[in-house]
Amino acid sequence: MDPHGALFFCLCLLAAQVVLVETVSDLLNLMKHLEQPKGRGLSSRARYIHRLEQMLLNVSFSGHNLTLQTNSIQSLVFKLSCDFPGLSLSSATLTNVSQAWAPHAMQFPAELTKAACVTSQPAELRLICIYFFTAHLFQDDRNSSLLNNYVLGAQLDHRPVNNLQKPVNISFWHNQSLEGYTVSCVFWKEGASKHSWGAWSPEGCYTEQPSATQVLCHCNHLTYFAVLMQLSGDPVPTELQGPLEYISLVGCSISVVASLLTILLYAHSRKQSDSTTRIHMNLHGSVLLLNVTFLLSSQMALPTVPRPVCMVLAATLHYTLLSSLTWMAIEGFNLYLLLGRVYNAYIHRYLLKLCMLGWGFPALLVLLLLVVKSSVYGPWVISFSKSQENATGFQNVSMCWVRSPTIHSILVMGYGGLTSLFNLVVLAWALWILCRLRAREKALNPWAYRDTVMVLGLTVLLGTTWALAFFSFSVFLLPQLFLFTIFNSLYGFFLFLWFCSQKRYSDAEAKAGMEAVSSSQMTH
């Protein structure tokens, strides 16, 4: 090689080293910049993280891998080929890993590069891993708690990786007690929230706990992963998922048919009804809507369904539940007027005011929530525990429902609790009046059957079975789940039976009255 060529080669080599040093320096500066919690707006978080990803995918370096590390962020870059055999990464084997960080690991299957190599044979593929040991860059609307505050991410080249047959395994070790928490593996779904640049979602991930100090995630795609910690009661075994879903499906379907039949029979009847019967029909209508929206809620929580559809259905389900509870309370109030004031109560436009309360007040609450913070509605995850040999796994089921624990506590459990308490008091008072009236009668036996039917009917009419929701703890959990599911999924059917018994009784009274009139006419 002539002197000029040698000099040119040395200059090129020196320039390449300078570019490499400058690029690595830029990467480290960007990683340090991301560590600063101040001044990180929603758009800037996503912009800086995407910039870091692009720089890692385009950085030039010698060898097969590059490791960069700051105080709370670690970036790894690997050069892969189409004959990729798989890759296992562990904090125990990585160099320059801080001992203060809890152990973690990621395992990538050989299938990872398969889709990228089917259409073409790229000379090189880049796999980047970015580990955030701080969660301030991934705060969702609910300010969710993450195990160790760790977010582990991975990306293959400039292409998405989805629907892997063999999942990516991500391990999180910890030294804290998870008693009272439900842990679930989630990924960061960008653009899934209006008030943040993303939201945590469990889609495509399965959660397992091989030991008391490890959470193992199996996910079929690449993105940013974490372990979500949610306060919960006692876990429900996954073996009960099928029976509970079957009971709910059958019971709600029967209630839908029964409520429709009741409304049709009422509409077909030509008799002029009183306000009490019309209140019954409004309760039937709200229960019908509640059962229909409940049956749709699990189907609309699928990943293929647009998020706004699930949000609207969740708001509708919440509205129909509040409306049903309100009409149950109205039934209790109307019963108080009938028994306590002995038919002397007259309220101007009584039914119209009750309709404004039963249909309008729940609508006002739900619309207010949608205006103030619509993200309270959406996919809600229900975790079922699955016992395995020396391990505990979790299977997640999603439905469109209230996502905010605060709103759920106030406008579901609190609202339902007040309604149940009010109706239980009214029921106890009505039974006391019934016993007092029967005590004046000398012959009680002929009234025993009718009184039993009356008590059961009032119990159903006032929705007191919904109070079972407050016994979901300790040894009551499993019996409560089945009793609550059976009684309340069949609530519309029980209302139908009450309607039939009342109709039979009124027809019998009308027939007896006609017979009495005809007999008196014959005697005269």
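Student: Why are α5 and α7 called roughly parallel to each other?

Tutor: Their axes cross at roughly 20°. Angles under 35 degrees count as roughly parallel (over 145 roughly antiparallel, 65 to 115 roughly perpendicular, the rest oblique). So α5 and α7 are roughly parallel to each other. The axes are lines fitted to C-alpha atoms, for helices over the stretch in contact, and angles run from 0 to 180 degrees between N-to-C directions. This is a predicted model: local features need pLDDT of at least 70, side-chain atom pairs count only at pLDDT 80 or more, and totals for chains, interfaces and linings use all residues. Residues are numbered from 1 along each chain as its sequence is written, and side-chain values use heavy atoms, with hydrogens and water left out.

Student: Which residues of α5 and α7 meet?

Tutor: Contact means heavy atoms within 4.5 Å. From α5, the residues include R278, I279 and L289. From α7, they include Y350, L354 and W359. By class, this contact has seven nonpolar, four polar and one charged residues.

Student: Is C82 buried or partly exposed?

Tutor: Buried means under 20% relative accessible area, exposed over 50%, and partly exposed in between (1.4 Å probe, protein chains only). C82 has 26% relative accessibility, so it counts as partly exposed. C117 has 10%, so C117 counts as buried.

Student: What is the handedness of the disulfide between C205 and C219?

Tutor: The torsion about the S-S bond of C205 and C219 is about 115°, so this disulfide is right-handed. C205 is in strand β11 (residues 205-211) and C219 in strand β12, 14 residues apart. C205 and C219 are buried.

Student: What is the handedness of the disulfide between C185 and C217?

Tutor: The torsion there is about -80°, so the disulfide is left-handed. C185 lies in strand β9 (residues 181-190) and C217 in strand β12 (residues 214-219), so the pair ties together parts 32 residues apart in sequence.

Student: How many disulfides does the structure hold?

Tutor: The structure holds four. Numbering the bonded cysteines in sequence order, the pairing is 1-2, 3-5, 4-6, 7-8.

Note on methods. Helices (H or I, at least four residues) and strands (E, at least two) are DSSP runs, numbered from the N terminus. Ala, Val, Leu, Ile, Met, Phe, Trp, Tyr, Cys and Pro count as nonpolar, Asp, Glu, Lys and Arg as charged, and the others, Gly among them, as polar. A disulfide is a pair of cysteine sulfur atoms within 2.5 Å.
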